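Open the model in your viewer and keep the sequence panel beside it. This tour tells you what to select next and what to look for at each stop.

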Amino acid sequence: MFKTQHENYRELIWMLAKTDFKLRYQGSVLGYIWALLSPLLLFTVLNFVFSSIFARGAGIENYALQLLVSLVMFFFFQEGTSAGMKALRAKSQLVTKIYVPRWTMILASTVNSAMIFLMNLVVIVLFFGLYKFIPSIESVLLFLFFSMMIYVIIVAFSFLAAPLFIYFRDLSMIWDVVLRVMFYATPIIYPLQMLPENLQRIALINPIAFIIHFTKESLINNHFAEFWQYTIFISSVFIFLGISLLVYKRLIPNIAEKI
Amino acid sequence: MNKNIAISVKNVSKNFRIPHQKVDSLRSTFVGAFHKKTYEEFRALDNVSFEVKKGEFFGVIGRNGSGKSTLLKILAGIYKPDTGTVKINGRISPFLELGIGFNPELSGRDNVYLNATVLGLTKKQIDEKFDEIVAFSELERFIDQKLKNYSSGMQVRLAFAVSIHANREILLMDEVLAVGDSNFQSKCLQEFRRYKKEEKTVVIVTHNIGVVQEYCDRGVMLRNGLVKFVGDADELSNQYIKQNIYDVGARSEKEHCERKNDSLNDPMVAHVSAIEFYDSENRRRESFGSGEDLKIKIAFRIKQKKKRINIGVSIFSSERVYLFGTNTIFDHFKIINNEQDEIVEINLRKIPLTQGVYYARVVIVGEDFTDILSTVRQSRNIYIQQRNRCEGLLNMDREWKISEEMENEEVSICFTIDKNYAEHCAVTMTSVLHNSKSNFHFFIVSNNLDQKEKEYLRIVQKKVRDCKITFIEVDIKNFEDCHVPEGSRFIIANYFRLRLASILPHLEKIIYMDADMIANADLKELWNEKFDGNYMMACRSMVYERNSKRLGLSKKTPYINSGLIVMDLKSIRRDGVEKLFTEYQAYNPDNLVNVEQDVLNLVLVNRTPGIKQLSQQWNVELRTDIEIFDDYKKFVENPYILHFITDDKPWKKGSRQRYGEKYWEYKKFLQ
């Protein structure tokens, strides 16, 4: 009955995402650099501290590049899920004062996160050039595929968490803690091989750990996962997406009253 | 669905659950899992059904909490109804508020695009309309500045400009009129009119009865989620007013019961314990119709002996505008101090307040306004409901009618006097002014007035009231052909009145009066008499009837008294009537015993057009030397103009004239 209101959802999503992006960078190049500064700083510190242990101590090649790629991917996940969770609450006016399809707002938030990720890719390319390292085409393709999978995970998570966050105000605090734990449970600063054999398998259940580990392996060592591993990974991501959409559909009709 | 129906709401109900303990976090969900959850069911809408036709202005009216906003949100698709169906035929503009999605950190331009996109416009459409939107908002100079630098008025202007350009067939508005200054509101109203012209369907939610009366064709009244009335806007507003008066009455009764007497704890000398409002039938109320009588009863106690007690009452609007104030000393009302509980009441007649909320304040002071004896006590609210419509602060008692003439049209009155008559003429003028509210212009025609007499006549302007006086000098030589019998009391000046059309060439109409007359009624009425095509209007003489016979006229022919003549100078000039007078004088001079009066009668009485007879009351001839016959008595008893004929004038010693005291009454004004 209300489908006729917005015939152009793509424009609406794009407008909302663009607006958030603009607000984040204040619409200037300087703002963009400023926004990059905090992940870069973290990268510099981590690189400074851990390269002595892992690069020289454990003899890992191109530790800095591995760290950078992992960090950028994890940030994508972290920012995307956090923002996606808040997509509805942050724009409560659009929920309570007007009828805008809710999913457009959630998608807009994920698009915005993707845009930030794309900006950060520029930094990765720059560093690869700086280190004069050329990865194989297969590994680059795998990297792009994994990035898309992170995006799907973000979308799935946002559709689940955005309405839930309306019902449970402490969800964001809990998620912050979960993200912190995940940061250390994911082989970002350390290589997966450092863990005991059985722990490695458990760690790889975490899809983000799976993605980051095999991205690093393929980019630097040109080493890929097995076919069955991909199958399980992809199907579990899409099952998650399906569950999220079901929950979303269940919760969304009365969302305006709860906000 | 029928093609002519824009919105159809059928049996829509909506419940809200209000939990006793709010569960909005995971923590409290887990903690609360072991408790029984309790909540209250709140029925915001209960089986609501109505239809809105295409092109209709539809009002949704109700008090706060009646469910009207819930209804609008359901129409907009924001809420889902629990049961029932809503069908919308056409594209709906879903905004309930202005400037949704506005972000202060973005420029005006970005905000226009953002807001318009949210309202459902495509980028292409916005590009096309952008200049129009900015022009409408009158913010061309600021459009690239950040919104946070805008004043709130500018923001509203921009938001409204975007909203109205989001062309939709059905518009939903929630109290859009509540924001913005009066300038902006009038712009809103203009837009409303445009929508109406374009036959758009508009659903407006309001509690302002004025909006419903002004714009809506039909509407629905909600109360506690139930439909109380659906239909015609006029009937709807009547129902709403009735409902409000009833509600307020019920509430005030309840509050009154809870009131306590706290007079003894008050350290002040005087104490105001209650302020209550009553209507003309002495029923206590808080809601009054505009134009009703409002009685304020004030219960007070003065605890010490005081010489002077002054109780002040003032009325304020809800915006604290001081509207009216008075006190017992202004109104010369004495308060006797008995040192016990007293009640004083003030009756405000026909309160001219517009619809709204007001309150009264009462304070008791002593000798002067700095000697405050009691604390200022504020009343509860007075609710004024207005049935008629007007703008501004006051709803003045009023009446329209088609006026025959402009009220300020001058009444021209002419006297032709001899210098001896100046002082009596002044009395006549005084009586004329005293009996009327109209503006008068007196033309005093004479051949021998000195400065002294003129100054005396001007006293009228100072001592009675403002009027115009024009002195016109005539040369007696021009009247040499006029005949006055030897030894008669008449003089040449008597003939002046026959030539007023020439003497006053710029006038179209004049009332001629003798200076031995006293007005007893408003001459404006005489002035408004119609000529019916005649040259003049005058009264017949009741005491000189025999003159007709003397002049050789038939017995039935009336004899006109020339002391009061209303003249249509225009037609007199047109038909050369004055020439007829001179011709007649020359032809038969010896017959003219009563000089100009005889001329007038001989020339005009049997002529058509000629003289129209006025009611006898306009020229009541008073004489003492003969008895008044019965037919004439009724006029003497109710005169409009008194005419002291014969030589027995009231200013003469030993005068026995009836109504002689009237002359002296008016003379007093001039001393």
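A salt bridge is a side-chain nitrogen of Lys or Arg within 4 Å of a carboxyl oxygen of Asp or Glu. Over all chains, the structure holds 34 salt bridges.

Before you start, some ground rules. This is a predicted model, in which local features need pLDDT of at least 70, side-chain atom pairs count only at pLDDT 80 or more, and totals for chains, interfaces and linings use all residues. Residues are numbered from 1 along each chain as its sequence is written, chains are lettered from A and ligands numbered from 1 in the order in which they are written, and side-chain values use heavy atoms, with hydrogens and water left out.

**Stop 1: a salt bridge inside chain B**

Select B:Arg109 and B:Asp144. Their side chains meet in a salt bridge, 2.8 Å from N to O. Helices (H or I, at least four residues) and strands (E, at least two) are DSSP runs, numbered from the N terminus. B:Arg109 lies in helix H3 (residues 108-118) of chain B, and B:Asp144 in the loop between helix H4 (123-137) and helix H5 (152-165) of chain B, so the pair ties together parts that are 35 residues apart in sequence.

**Stop 2: where the chains meet**

Show both chains. How many residues of chain A are in contact with chain B? Contact means heavy atoms within 4.5 Å. By that rule, 34 residues of chain A touch 42 residues of chain B.

The size of an interface is often given as the accessible area lost when the parts come together. Buried area is the accessible area (1.4 Å probe) that two parts lose on being put together, summed over both. Between chain A and chain B it is about 3,100 Å², and carbon and sulfur atoms give 59% of that.

Two salt bridges cross this interface. For one, select B:Lys14 and A:Glu257: their closest N and O atoms are 2.3 Å apart.

Now color the helices of chain A. Helix H1 (9-25), helix H5 (92-96), helix H8 (171-185) and helix H12 (255-258) of chain A each supply at least two residues of the side that touches chain B. H1(A) gives the most, with seven residues. By class, this side of chain A has 17 nonpolar, nine polar and eight charged residues. Here Ala, Val, Leu, Ile, Met, Phe, Trp, Tyr, Cys and Pro count as nonpolar, Asp, Glu, Lys and Arg as charged, and the others, Gly among them, as polar.

**Stop 3**

Two strands pair if DSSP finds at least two bridges between them. Six strands of chain B form an open sheet in the order S5-S6-S7-S3-S8-S9, with mixed pairing. Strand S5 (92-93) and strand S9 (226-232) of chain B stand at the edges, each with a single partner strand, so one side of each is left without a neighbour in the sheet.

Zoom in on strand S3 (residues 57-61) and strand S7 (residues 201-206) of chain B. They run parallel, joined by five bridges. B:Gly59 stands opposite B:Ile204 in S7(B).

**Stop 4: the seven-stranded sheet**

Move along chain B. Another open sheet has seven strands in the order S20-S19-S18-S21-S24-S23-S25 (chain B), again with mixed pairing. Its edge strands are S20 (468-473) and S25 (611-613) of chain B, each pairing on one side only.

Select strand S18 (residues 411-416) and strand S19 (residues 440-446) of chain B. They pair in the parallel sense over six bridges. Which residue of S19(B) is the bridge partner of B:Phe415? Look for B:Ile444.

**Stop 5**

Most residues other than glycine have a negative phi, and most peptide bonds are trans. Select B:Thr608 and B:Pro609: a cis peptide bond joins them, with omega about -10 degrees. B:Pro609 lies in the loop between helix H16 (595-604) and S25 of chain B.

Finish at B:Asn11. B:Asn11 is not a glycine, yet has a positive phi of about 45 degrees. Its place is in strand S1 (residues 5-19) of chain B.
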